[in-house]
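Thanks for coming, everyone. Let me put the chain up on the screen, and then I'll walk you through one part of it.

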Amino acid sequence: LQYEPSDDDVVWAPLRSVRVQGSPLLDQGREWIIYDLECTTPSRPSWAPFSGDVNVILFFTPVSCFHEQLREDRSVNRLADSIQLWRTVCSSPILAETQIILFLNKCHIPRNKLHRGVLLKIYVPSLRHRNDDAVTALTYFQHRFREIFKACSSQRRPFFVYRTSAVVSHLRTYL
């Protein structure tokens, strides 16, 4: 078999973050270090040494996982865990002056799941009086994360949110 993966194959491969990994980036003579953090619950205490000198946090949360559980704790909903982690990051005194940019990721997937008959209202009870469609869900999630951001931030700072589908190769160029 003569097979060589294409860029699209690589883009679709789910890669999990393992431990804390730093990658240097040189931009206009200034060095930045981009940290990729493993988000499993047991790994979160290992983040502390990296939080003191942070300029920006790019917080990616998949909105496609509304009906899934954590691998390490099957009793915890993945989206609920992301919301709790968001609350923790936004309320951290160490990060009070740090800009946080939220990426609601994998936005293309809820539409497919809802079309197949997965009922969002079962997994997100606060949506029970709204339409069970992807547009309503994404708007609701964006609003929910914004409200947590405002309520938990000890200092005023702008809220930035972007809806992404990072598996779309032509869009990944911009991330």
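This is a predicted model: local features need pLDDT of at least 70, side-chain atom pairs count only at pLDDT 80 or more; totals for chains, interfaces and linings use all residues.

Residues are numbered from 1 along each chain as its sequence is written, and side-chain values use heavy atoms, with hydrogens and water left out.

The whole chain, then. The protein chain has six helices and five strands. These are DSSP runs, numbered from the N terminus: helices are H or I with at least four residues, strands are E with at least two. In sequence order the pattern reads α-β-β-β-α-β-α-α-α-β-α. Of its 175 residues, 36% count as buried. Buried means under 20% relative accessible area, exposed means over 50%, and partly exposed is in between, with a 1.4 Å probe and protein chains only. Contact here means heavy atoms within 4.5 Å. Among contacts with a separation of 6 or more, 61% are between residues 24 or more positions apart.

Now the strand pair. E3 covers residues 56-62 and E4 covers residues 99-105; the two run parallel and are joined by seven bridges. For pairing, DSSP must find at least two bridges between two strands. In this pair, Leu58 sits opposite Ile101 of E4. How does the chain get from E3 to E4? It passes through helix H2, residues 78-91, in a right-handed β-α-β crossover. Right-handed means this: with the strands pointing away from the viewer, the path from the first strand over the helix to the second runs clockwise.

Next, H2 itself. What should its 14 residues span? At 1.5 Å a residue, 20 Å; the end C-alpha atoms of H2 are 20 Å apart, which agrees. The expected span is 1.5 Å times one less than the number of residues. At the start of H2, a side-chain oxygen of Asn77 comes within 2.8 Å of the backbone nitrogen of Leu79. The buried residues of H2 are Leu79, Asp81, Ser82, Ile83, Leu85, Trp86, Val89 and Cys90. An α-helix has 3.6 residues a turn, so residues three or four places apart point the same way. Which elements cover that buried set? The cover includes E3, E4 and helix H5, 134-152.

Take Ser82, through its partner Thr61. Thr61 lies in strand E3 and is buried, at 0% relative accessible area. The side chains of Thr61 and Ser82 make a polar contact of 3.0 Å. That term means a pair of N or O atoms within 3.5 Å; within protein, one must be able to donate a hydrogen and the other to accept it, and residues adjacent in sequence count only if both atoms are side-chain atoms. Leaving out residues up to four places away in sequence, Thr61 also touches Leu102, Phe103, Leu104, Asn105 and Phe145.

Then Cys90, also in H2. Cys90 is buried, with a relative accessible area of 1%. Its C-alpha atom is 5.6 Å from that of Cys152, 62 residues apart along the chain. Besides Cys152, and with residues up to four places away not counted, Cys90 touches Ile100, Phe149, Ser153 and Arg157.

On to charges. How many salt bridges are there? Two, where a salt bridge is a side-chain nitrogen of Lys or Arg within 4 Å of a carboxyl oxygen of Asp or Glu. One is Arg78 with Glu68, closest N and O atoms 2.5 Å apart. Arg78 lies in H2 and Glu68 in the loop between E3 and H2, so this pair ties together parts ten residues apart in sequence. Arg78 is partly exposed at 28% relative accessibility, and Glu68 is partly exposed at 25%. Glu68 also pairs with Lys113, closest N and O atoms 3.2 Å apart. Lys113 is in helix H3, residues 108-115, and the partners are 45 residues apart. Lys113 is buried, at 7%. Shared partners join Glu68, Arg78 and Lys113 into one network.

Last item, backbone. Most residues other than glycine have a negative phi. Lys106 is not a glycine, yet has a positive phi of about 60°. Lys106 sits in the loop between E4 and H3 and is partly exposed, at 31%.
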